Amino acid sequence: MGLYNFKNLVTRYSRGQVFAITETEGHYDMKNGGKWVDGKKEKILLFPAAIVPMSKDDLRFDEGGNYSYDNRELHCYKQLEKGTLIENIQSYGVTKTYKILGEKDYSDYDDDLYIYIVERG
């Protein structure tokens, strides 16, 4: 039995544009006399990506246990770190921001699919 490719499904539920906002840490550049170099923010387009409501069962029974109706699932094909900020620019112009709280393992179904629990911030 092969793994299922969920890309068509994720693409179907994609709305607007979804970005991951990553930031590198600042550091001292020892090759330049120890001068401080600020970290850089990068905004990465996630496509396909879908932010969907959590099911009632997930809200009640997930091992995290303390999710609310403001929590969502982010389905995408990029590995991201816990704490990463997610920006969703919806098709009607409203921007919503989320933060990754944790990850759900779906590798039994699709090796490349990542499902994150995100909290609106």
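1. A residue is called buried here when its relative accessible area is under 20%. By that criterion, strand 6 of this predicted model is covered on both faces: Asn 71, Glu 73 and His 75 are buried on one side, and Arg 72, Leu 74 and Cys 76 are buried on the other. In other words, six of the six residues of strand 6 are buried.

2. Seven strands make up an open sheet with antiparallel pairing, in the order 4-1-7-8-9-6-5. Strand 4 and strand 5 are at the edges and have a single partner strand each, so one side of each has no neighbour in the sheet. On average, neighbouring strands of this sheet are turned by 35 degrees against each other, direction ignored.

3. With strand 5 (residues 49-53), strand 6 forms five bridges in the antiparallel sense. Within this pairing, Val 52 is opposite Glu 73, and Pro 53 is opposite Arg 72. With strand 9, strand 6 forms six bridges, again in the antiparallel sense; here Leu 74 is opposite Tyr 116.

4. Which residues does Leu 74 contact, leaving aside its neighbours within four places in sequence? The list consists of Val 18, Leu 46, Ala 49, Ala 50, Ile 51, Leu 80, Ile 86, Tyr 114, Ile 115, Tyr 116 and Val 118.

5. How many salt bridges does a search of the whole structure find? There are three. One of them joins the side chains of Lys 43 and Glu 87, at 2.6 Å from N to O. Lys 43 belongs to strand 4 (residues 41-46) and Glu 87 to strand 7 (residues 85-89), so this pair ties together parts 44 residues apart in sequence.

6. Another salt bridge brings together the side chains of Lys 104 and Glu 73, at 2.8 Å from N to O. Lys 104 is in strand 8 (residues 95-104) and Glu 73 in strand 6, so the pair ties together parts that lie 31 residues apart in sequence. Lys 104 is buried, with a relative accessible area of 12%. Glu 73 is likewise buried, because its relative accessibility of 7% falls under the 20% limit.

7. The side chains of Asp 70 and Arg 120 also meet in a salt bridge, with an N to O distance of 3.8 Å. This pair links distant parts of the chain, 50 residues apart: Asp 70 is in the loop between helix 2 (56-61) and strand 6 (71-76), and Arg 120 is in strand 9 (residues 114-120). Asp 70 is partly exposed at 44% relative accessible area, and Arg 120 is partly exposed at 30%.

8. A further polar residue deserves mention. Asn 88 lies in strand 7 and is buried, with a relative accessibility of 4%. A polar atom of the Asn 88 side chain lies 3.4 Å from the backbone oxygen of Arg 15. The side chain of Asn 88 also makes a polar contact with the side chain of Gln 90, at 3.4 Å. Leaving aside neighbours within four places in sequence, Asn 88 is in contact with Arg 15, Gln 17, Val 18, Ile 51, Val 94, Thr 95, Lys 96 and Tyr 98.

Key:
Residues numbered from 1 in each chain as written. Predicted model: local features only at pLDDT ≥ 70, side-chain atom pairs only at ≥ 80, totals over all residues. Heavy atoms only, no water. Salt bridge = Lys/Arg side-chain N within 4 Å of Asp/Glu carboxyl O. Helix = DSSP H or I, 4+ residues; strand = E, 2+ residues; numbered from the N terminus. Buried < 20%, exposed > 50% of the residue type's maximum accessible area, 1.4 Å probe, protein only. Pairing = 2+ DSSP bridges. Contact = heavy atoms within 4.5 Å. Polar contact = N/O pair within 3.5 Å; in protein donor to acceptor, adjacent residues only side chain to side chain. Axes fitted to C-alpha atoms, helices over the stretch in contact; angles between N-to-C directions.
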